[in-house]
Amino acid sequence: MGFRTGHSTETALIAVTEEARKRVDQGLTTVIIMLDLSTAFDTVDHQVLIQRMRELGIKEQALAWFPSFLQDRSFLVLDRSFLSNKLQCRCGVPQGSALSPTLLNIYMSPLASLVESFGLALVSYADDTQLVISFSANETSEGATFLTCMQAVSSWMTQSKLQLNEEKTEAMILAPEPKPGISRTCPSALSEFPPPKKHVKSLGISLDPLLTLDLQATNISTTCFALLRLLRKIFVILPALARRLIVQAVILSRLDYGNGLFLGSPVYVKKKLQRVQNAAARLLLNIPRSSSVKAGLASLHWLPVVQRIKFKALCHIHRSLHDRGPMLLRNLATFYRPNRDLRSTTLALVTVPKIKKARWGGSSLMFLGAKLWNSLPLNLRLMEQELEFRKALKTWLF
C-alpha cells in the first residue's frame with residue numbers, strides 16, 4: 001500500500017521486480033499483471049469503508065468521527081460562465097486531504113488477503129495494483145488457479161463498487177531462456193485477459209521483458225536532453241544559484257526517480273543516464289564537450305549515475321537489515337549468522353543468496369545489494385542510524 005512512511009512507488013516496483021526475478025531464476029515463466037482502477041478515490045463507498053474500519057478495530061467515538069468527515073459534502077461544476085447546481089457527494093474521499101490516502105488503503109486492504117489466498121503475489125500502491133503469477137512446464141493447475149483468482153477479484157471489485165480500467169490493465173511475460181523445442185509463449189490461462197505486451201508502464205517506470213530498463217533510460221534521456229536545450233536559452237539571464245536549482249529540480253530528479261531499479265541493468269543502459277548528467281554539468285559550468293566533466297561533477301558535489309544507483313540500493317539494504325522498510329522488502333537482506341562462533345560474526349556481513357541464472361537472479365537487488373554491502377568498510381556496516389549511514393555512505397562513494 002502507498003502513502004505510508006517508508007513506502008514509495010520505487011519500493012513497490014522493487015518488490016514486484018525482485019519477486020519476478022526470483023521466480024524466473026527458479027526456471028518459472030512469470031507474468032506481471034498491472035491492474036488499474038478507474039477513479040478509485042471518487043468511487044469509495046462510505047458505508048463499505050465504515051464497515052471495513054469497524055472490522056479493523058476502530059470503534060465508538062473514533063469511528064463516529066469519519067461519517068462526519070465524509071458525508072454532507074457537495075460539489076458543482078464551473079465551465080467559463082456556466083455554473084451548475086450543487087450536488088451531494090454520496091461516495092468518494094476528498095482528494096487533497098492528508099487523511100484520504102489512508103482511507104483508500106483501508107478500503108483496498110481486503111484485496112491483498114484475497115489474492116494471496118490463491119498463492120499469487122500482490123503489490124499495490126494506492127489504486128495501482130500488480131499481480132505476479134508463475135507457471136511451470138505443467139501449467140494446468142496454475143492456470144486454473146489464476147482464472148479462479150481473477151474471477152474472485154472481479155467479484156470483490158463489484159461488491160466494493162470499484163471498476164477495473166481494462167484499457168490501462170496490462171500484462172508482461174518474463175521467461176527463462178527457452179529450451180530446445182519449447183517456444184516462449186503466453187500461458188493459455190492468459191489467452192483472454194489481458195494480451196501480453198512487449199513493454200508495460202507501471203508507476204512511471206517502463207519495464208521490458210528482460211527488466212533491463214533500457215526503454216526507461218531512453219525515455220529519461222530523450223526528455224532531459226529536450227529540457228536542457230530549452231534551459232540553455234534562458235540560462236544566460238539567470239544567476240548561477242537559480243540555474244543549479246532548476247537543473248536539480250527538472251534533470252536530477254528524473255535521473256534519481258526509481259534509480260534503485262537500475263542496479264542490475266546493463267552498462268550501456270547506465271551510460272545513457274550518465275550522458276544526461278554530463279550534459280547538465282557542462283551546461284551549468286560552461287564546460288566544452290572536448291573537456292572531461294569528471295572534475296565538474298565533483299565541484300557540483302554530484303555523485304556519478306552509477307554511484308547514485310549504488311547509494312539508493314545500499315539505503316534499501318540498510319533499511320531491510322534494520323526493519324525500517326516496507327514489509328515486502330524486509331527480506332532483501334539478512335545478516336550472516338554462521339552455525340558456530342566465527343570472527344565473521346561481528347563483521348555485520350550479509351548472506352549472499354544463491355542464484356541459478358546470472359541474467360535473472362544475478363541482476364537482482366537481493367544478490368547485487370548483498371555483494372555491495374559486504375564490500376563496504378566495517379564502520380559503515382555497523383551504523384544503525386539511517387541518517388548517519390546515508391551521510392557516511394555518500395562521503396565514502398565520493
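E386 is partly exposed, with a relative accessible area of 22%, and it makes a handy way into this predicted model. The side chain of E386 forms a salt bridge with R319, one of seven salt bridges in the structure.

**From helix 13 to helix 10**
- The closest N and O atoms of R319 and E386 are 2.7 Å apart.
- R319 belongs to helix 10 and E386 to helix 13 (residues 386-397), so this contact ties together parts of the chain that are 67 residues apart in sequence.

**From helix 10 to helix 7**
- R308 and D256 also meet through their side chains in a salt bridge, at 2.9 Å from N to O.
- Here, too, distant parts of the chain are linked: R308 sits in helix 10 and D256 in helix 7 (residues 240-256), 52 residues apart.
- How accessible are the two partners, R308 and D256? R308 counts as buried at 15% relative accessibility, whereas D256 is partly exposed with a relative accessible area of 23%.

**From helix 10 to helix 1**
- E10 pairs with K312 in a salt bridge whose closest N and O atoms are 3.1 Å apart.
- Since E10 lies in helix 1 (residues 9-25) and K312 in helix 10 (residues 305-321), the pair ties together parts that are 302 residues apart in sequence.
- E10 has 6% relative accessibility and so counts as buried, the cut-off being under 20%.

**A salt-bridge network**
- E19, K22 and R23 are joined to one another in a network of salt bridges.

- Which way do the residues of strand 8 point? E170, M172 and L174 point one way, while A171 and I173 point the other way, and all are buried.
- Strand 1 (residues 29-36) pairs with strand 8 in the antiparallel sense, over five bridges.
- Within this pairing, T30 stands opposite L174 of strand 8, and L174 is among the buried residues there.

Note on methods: Residues numbered from 1 in each chain as written. Predicted model: local features only at pLDDT ≥ 70, side-chain atom pairs only at ≥ 80, totals over all residues. Heavy atoms only, no water. Salt bridge = Lys/Arg side-chain N within 4 Å of Asp/Glu carboxyl O. Helix = DSSP H or I, 4+ residues; strand = E, 2+ residues; numbered from the N terminus. Buried < 20%, exposed > 50% of the residue type's maximum accessible area, 1.4 Å probe, protein only. Pairing = 2+ DSSP bridges.
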